[in-house]
Amino acid sequence: MTEQTPVNTQTAVKALPDAQTVTEVTHWTDRLFSFRCTRPASLRFRSGEFVMIGLMGDPDPKTGKQKPLLRAYSIASPSWDDELEFYSIKVQDGPLTSKLQHIQPGEQIILRPKPVGTLVHDALLPGKRLWFFATGTGFAPFASLLRDPQTFEDYEQVIITHTCRDVAELEYGRRLVEHIRTDEMMGELLGQENLGKLTYYPTTTREESLRMGRITTLLEDGTLFADLGIDGMSPDTDRAMVCGSLGLNTDLKAILESFGLEEGANSDPKHYVVEKAFVG
Ligand SMILES: Cc1cc2nc3c(=O)[nH]c(=O)nc-3n(C[C@H](O)[C@H](O)[C@H](O)COP(=O)(O)OP(=O)(O)OC[C@H]3O[C@@H](n4cnc5c(N)ncnc54)[C@H](O)[C@@H]3O)c2cc1C
């Protein structure tokens with residue numbers, strides 16, 4: 001079950017530096033929530049990029065001064081959206097998310113409007129099939145890219161894999177894919193004829209579900225390709241974006257390179273790109 005609270009943004013008062021007003025909060029599990037906020041009129045970003053967001057920290061016991069407590073967050077909304085969306089972990093003793101998880105509509109967050117990142121179309125050479133590999137909150141940049149028309153214009157097939165421990169942790173991604181497939185406005189925007197290009201491949205590592213296992217194992221033992229009817233990957237056709245823990249990213253890089261794919265960057269587009277979903 002999820003809870004949602006909308007708000008009238010007209011009543012919000014700007015007080016923080018780079019303040020934006022939260023408009024909606026959804027709690028997905030006791031470890032995950034998403035929220036939407038106002039978007040600075042001047043903020044331009046490429047779908048898949050991240051920004052620094054946060055709250056004011058506790059007052060210094062001596063001086064009473066407060067400093068912003070900021071963390072990197074992928075923008076989960078697409079670049080055309082009027083608002084911004086974020087998908088967040090709740091770390092119980094985490095300096096930021098122990099507070100951020102209690103944010104309410106009408107309250108403010110700090111948002112530094114300097115988007116950066118490697119999970120962008122510009123960092124990949126043209127290809128036929130685009131793979132998004134996500135674990136946990138690593139789904140966030142792909143929530144943005146999956147709602148970007150360019151993703152479907154540039155590729156013949158788009159595959160998103162999402163791996164979490166439990167089924168409930170897949171819900172944000174599952175709902176988003178369902179929304180893309182069924183919402184009239186999304187169909188118009190992405191092209192109704194393009195929706196068949198999208199394949200969603202969720203897996204769990206702990207709770208029993210239809211597809212279980214780490215995505216690295218499912219790639220290495222061929223299960224993923226067998227399930228999708230695909231003969232492996234090739235630098236001629238396949239492009240990939242990866243967003244997970246450091247360990248997952250390292251393992252996936254090795255697998256992608258075993259197929260001959262090379263890592264790209266904004267300044268040097270190639271076959272795949274990687275970004276950490278978190279540090280530590
Ligand atoms: C490029 C980049 C993009 C990021 N995008 C997002 C995002 O879209 N959503 C998001 O929730 N976080 C994201 N993060 C992580 C985020 O910056 C913070 O680490 C997170 O919000 C927790 O902050 P904190 O101050 O509560 O705890 P921190 O002190 O930052 O983290 C404490 C510990 O919690 C664990 N942890 C932190 N973040 C996560 C996570 N997302 N999933 C699982 N474990 C985690 C790690 O073990 C970490 O050492 C991103 C990080 C990077 C580098």
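A: The expected span of a helix is 1.5 Å times one less than its number of residues. The model is predicted: local features need pLDDT of at least 70, side-chain atom pairs count only at pLDDT 80 or more, and totals for chains, interfaces and linings use all residues. Residue numbers start from 1 along each chain, as its sequence is written.

The part to look at is helix 8. It covers residues 246-258, which makes 13 residues. At 1.5 Å a residue they should span 18 Å, and the end C-alpha atoms are 19 Å apart, so the two agree.

Which residues of helix 8 are buried? They are Leu 248, Leu 252 and Leu 256. Buried means that 20 or more other C-beta atoms lie within 10 Å of a residue's own; exposed means 12 or fewer, partly exposed is in between, and C-beta atoms are placed from the backbone. Seen down the axis of helix 8, the buried residues fall within an arc of 60°, so they line one face of the helix. The arc is taken from the directions that run from the helix axis to the C-beta atoms. On the other side of helix 8, Gly 247, Ala 254 and Ser 258 are exposed.

What does the buried face of helix 8 pack against? Its buried residues meet strand 8 (129-135), helix 6 (215-220), strand 11 (238-244) and strand 12 (272-276). Two residues are in contact if their C-beta atoms, placed from the backbone, lie within 7 Å. After helix 8 comes Gly 260, with a positive phi near 95°.

Strand 12 leads on to the ligand. Along with strand 5 (68-74), strand 6 (83-89) and helix 1 (97-100), strand 12 supplies at least two residues of the shell around the ligand. Strand 5 gives the most, with four residues. The ligand is surrounded by 23 residues, and the closest are Gly 94, Leu 96, Thr 97, Phe 278 and Gly 280. A residue is near a molecule or strand if its C-beta atom, placed from the backbone, lies within 6 Å of it. By class, the shell holds twelve nonpolar, eight polar and three charged residues. Ala, Val, Leu, Ile, Met, Phe, Trp, Tyr, Cys and Pro count as nonpolar; Asp, Glu, Lys and Arg count as charged; the others, Gly among them, count as polar.

Where does the ligand lie? Domain 1 (3-116) and domain 2 (121-276) both give residues to its shell, so the ligand lies between them. These domain bounds come from an automatic or database domain assignment. The centres of the two domains, taken over C-alpha atoms, are separated by 26 Å. In contact are 16 residues of domain 1 and 14 residues of domain 2. On the side of domain 1 that touches domain 2, strand 3 and strand 6 each supply at least two residues. Strand 6 gives the most to that side, with three residues. The residues of that side divide into seven nonpolar, eight polar and one charged.

Helix 4 has twelve residues and reaches 16 Å from its first C-alpha to its last, close to the 16 Å expected at 1.5 Å a residue. Tyr 172, Gly 173, Leu 176 and Ile 180 are buried in helix 4. They cover an arc of only 95° around the axis, which puts them on the same side of helix 4. Glu 178 and Thr 182 are exposed on the other side. The buried residues of helix 4 pack against several elements, including strand 3 (32-38), strand 6 and helix 5 (184-190).

Glu 169 is buried, because 23 other C-beta atoms lie within 10 Å. Not counting residues up to four places away in sequence, Glu 169 touches Thr 29, Leu 32 and Cys 164.
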